Amino acid sequence: MKTEEIIELFRQFESIANEYEGVECWSARELAKLLGYAQWRNFENIVNKAKAACEHAEQEVSYHFAEVGKMVSLGSGSEREVSDYMLTRYACYLVAQNGDPRKPKVA
C-alpha cells in the first residue's frame, strides 16, 4: 500500500471517531465498512477474536468493547435495532491485528 493510501485510510479512520461516555471510540459497524468487510457476521468474528486477545492481554474487555444498539434503516423505510460495539483505539488496533490480511486495508 502506498504512503498516500495509508494517509488517506488513517484520515478516514479518524473521521469516523465518536465520543462515547467521555471516551474517544469508533463504531465497529463503521470500522467494518472502512476495512472492506461487506458482511457484519464476518466482521463480528474478527471482533470476537480481538476481544479474546484483549482478555489475554489482561485488559478490561468491557471497557474497550462496549456493546451498544444502533438503529438502521430498512429498505421499506422502517428502522430496526442491530448490535454494535463502541471500540477504543486499542480495540481498533486489536481488530486490525486479527483481521483478514488478504484485505488491502487490513494488511
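A salt bridge is a side-chain nitrogen of Lys or Arg within 4 Å of a carboxyl oxygen of Asp or Glu. This is a predicted model, in which local features need pLDDT of at least 70, side-chain atom pairs count only at pLDDT 80 or more, and totals for chains, interfaces and linings use all residues. Residues are numbered from 1 along each chain as its sequence is written, and side-chain values use heavy atoms, with hydrogens and water left out.

**Stop 1: arginine 102 and aspartate 100**

Select arginine 102 and aspartate 100, which form a salt bridge with the closest N and O atoms 3.0 Å apart. Colour by accessibility, where buried means under 20% relative accessible area, exposed over 50% and partly exposed in between (1.4 Å probe, protein chains only). Arginine 102 is exposed at 72%, whereas aspartate 100 counts as buried at 19%. The whole structure has five salt bridges.

**Stop 2: helix 1**

Helices (H or I, at least four residues) and strands (E, at least two) are DSSP runs, numbered from the N terminus. Select glutamate 8 and arginine 11, whose side chains meet in a salt bridge at 2.6 Å, N to O. The two are three residues apart in helix 1, so about one helical turn separates them. Glutamate 8 is partly exposed at 32%, and arginine 11 is partly exposed at 47%.

**Stop 3: helix 2 to strand 3**

Next, select glutamate 30 and lysine 70; their side chains meet in a salt bridge at 3.8 Å, N to O. This pair links distant parts of the chain, 40 residues apart: glutamate 30 lies in helix 2 and lysine 70 in strand 3 (residues 65–73). Glutamate 30 is partly exposed at 29%, and lysine 70 is partly exposed at 26%.

**Stop 4: the largest pocket**

A pocket is an open set of points on a 1 Å grid over the protein atoms alone, where a 1.4 Å probe fits, with protein on both sides within 12 Å along at least five of seven lines; lining residues have an atom within 4 Å of a point. Select Leu9, Phe13, Leu35, Ala96 and Lys105, which lie nearest the centre of the largest pocket among its 17 lining residues. Its volume is about 420 Å³, meaning the space filled by probe spheres set on the points, which are joined across faces, edges and corners.

Which helix gives the largest share of the lining? Helix 5 does, with five residues. Helix 1 (3–15), helix 2 (28–34) and helix 5 (89–98) each supply at least two.
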